[in-house]
Amino acid sequence: RLRSLRPHEPIDLFSAAAVHRQLQHRYERELVGGARPAMRRLLEGTINRQAVVKDTTLFSASERPNSRRGGEPLYQFEYRVDYEDERQPPSFTVCVVAADVRANQLYTFASRVPAKVWESGKADDLREAARSFVLL
């Protein structure tokens with residue numbers, strides 16, 4: 001855990017909140033060109049820059065319609081984080097990003113698990129949960 005600018009508020013830089021804050025400032029610029037290039041830029045510009053992170057690997061990125069509401073598409077992506085400290089196992093994340101442009105709001109779903117959980121067959125469960133994420 002790293003500390004925020006406010007000394008009494010610890011933050012987890014790999015949480016959905018961190019991704020949410022980064023995308024909220026860059027949404028229109030970053031998502032130009034499709035899901036895969038945008039998510040690669042996001043990982044390189046945010047998570048991969050953290051001192052504890054050795055590398056990030058984007059496995060998949062896709063754009064899908066927001067079937068319940070129409071409007072802006074949803075972006076779903078999966079990535080792996082390898083850490084500088086070799087004692088810390090890699091983690092895997094499934095994330096969905098959705099924007100309500102009319103309301104100027106950004107919504108995220110993220111599930112991050114250790115490699116052991118991901119590789120035990122839970123990856124499909126996490127993907128299914130991510131696919132259920134829509135804006136109502």
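How many bridges join β4 to β5, and do these strands run parallel or antiparallel? Eight bridges join the two strands, which run antiparallel. The legends below describe close-up views of a predicted model, in which local features need pLDDT of at least 70, side-chain atom pairs count only at pLDDT 80 or more, and totals for chains, interfaces and linings use all residues. Residues are numbered from 1 along each chain as its sequence is written, and side-chain values use heavy atoms, with hydrogens and water left out.

Figure 1. Helices (H or I, at least four residues) and strands (E, at least two) are DSSP runs numbered from the N terminus, and two strands pair if DSSP finds at least two bridges between them. On β5 and strand β6 (residues 105-114), ten bridges form an antiparallel pairing, in which A98 has Y107 of β6 as its bridge partner. The hairpin of β5 and β6 has four residues between the strands, and N104 takes a positive phi near 55° there.

**Figure 2. The two covered faces of β5.** Buried means under 20% relative accessible area, exposed over 50%, and partly exposed in between (1.4 Å probe, protein chains only). In a regular strand the side chains alternate between the two faces of the sheet. In β5, ten of its ten residues are buried. One side carries S91, T93, C95, V97 and A99, the other F92, V94, V96, A98 and D100, and all of these are buried.

**Figure 3. The nonpolar cores.** A nonpolar core is a set of buried Ala, Val, Leu, Ile, Met, Phe, Trp, Tyr and Cys residues joined through side-chain atoms within 4.5 Å. The largest such core holds 18 residues, and the members that touch the most others are M39, I47, L58, A61, F77, Y79 and V81. Two or more residues of this core come from each of α2 (35-45), β3 (53-64), β4 (74-83) and β5 (91-100). Another core, of 14 residues, lies apart from it and includes V96, V113, A130 and F133.

**Figure 4. Aromatic pairs.** Rings of Phe, Tyr and Trp (its six-membered ring) pair if their centres lie within 6.5 Å; planes under 30 degrees apart count as stacked, over 60 as edge-to-face and the rest as tilted. Four aromatic pairs are found in a search of the whole structure. The pair of F59 and F92 is stacked, because the ring centres are 5.8 Å apart and the planes lie at 15°. Since F59 belongs to strand β3 and F92 to strand β5, this pair ties together parts 33 residues apart in sequence. F59 is partly exposed at 42% relative accessibility, whereas F92 is buried at 4%. F77 and Y79 form another stacked pair, with 5.8 Å from centre to centre and 20° between the planes. F77 is buried, at a relative accessible area of 0%, and Y79 is buried at 2%. Ring pairs also link F59, F92 and W118 into a cluster.

Figure 5. The side chains of R127 and E78 meet at 2.6 Å (N to O). This pair links distant parts of the chain, with R127 in helix α3 (residues 115-131) and E78 in strand β4, 49 residues apart. R127 is partly exposed, with a relative accessible area of 23%, while E78 is buried at 7%. R127 also forms a salt bridge with D124 (2.8 Å, N to O). Because D124 and R127 are three residues apart in helix α3, they are separated by about one helical turn.

Figure 6. The side chains of R87 and D85 meet in a salt bridge of 3.1 Å (N to O). R87 is exposed, with a relative accessible area of 73%, whereas D85 is partly exposed at 33%. V52 is found in the loop between α2 and β3 and is partly exposed at 36% relative accessibility. The C-alpha atoms of V52 and D82 are separated by 8.9 Å, and the two residues are 30 residues apart along the chain.

Key: Salt bridge = Lys/Arg side-chain N within 4 Å of Asp/Glu carboxyl O.
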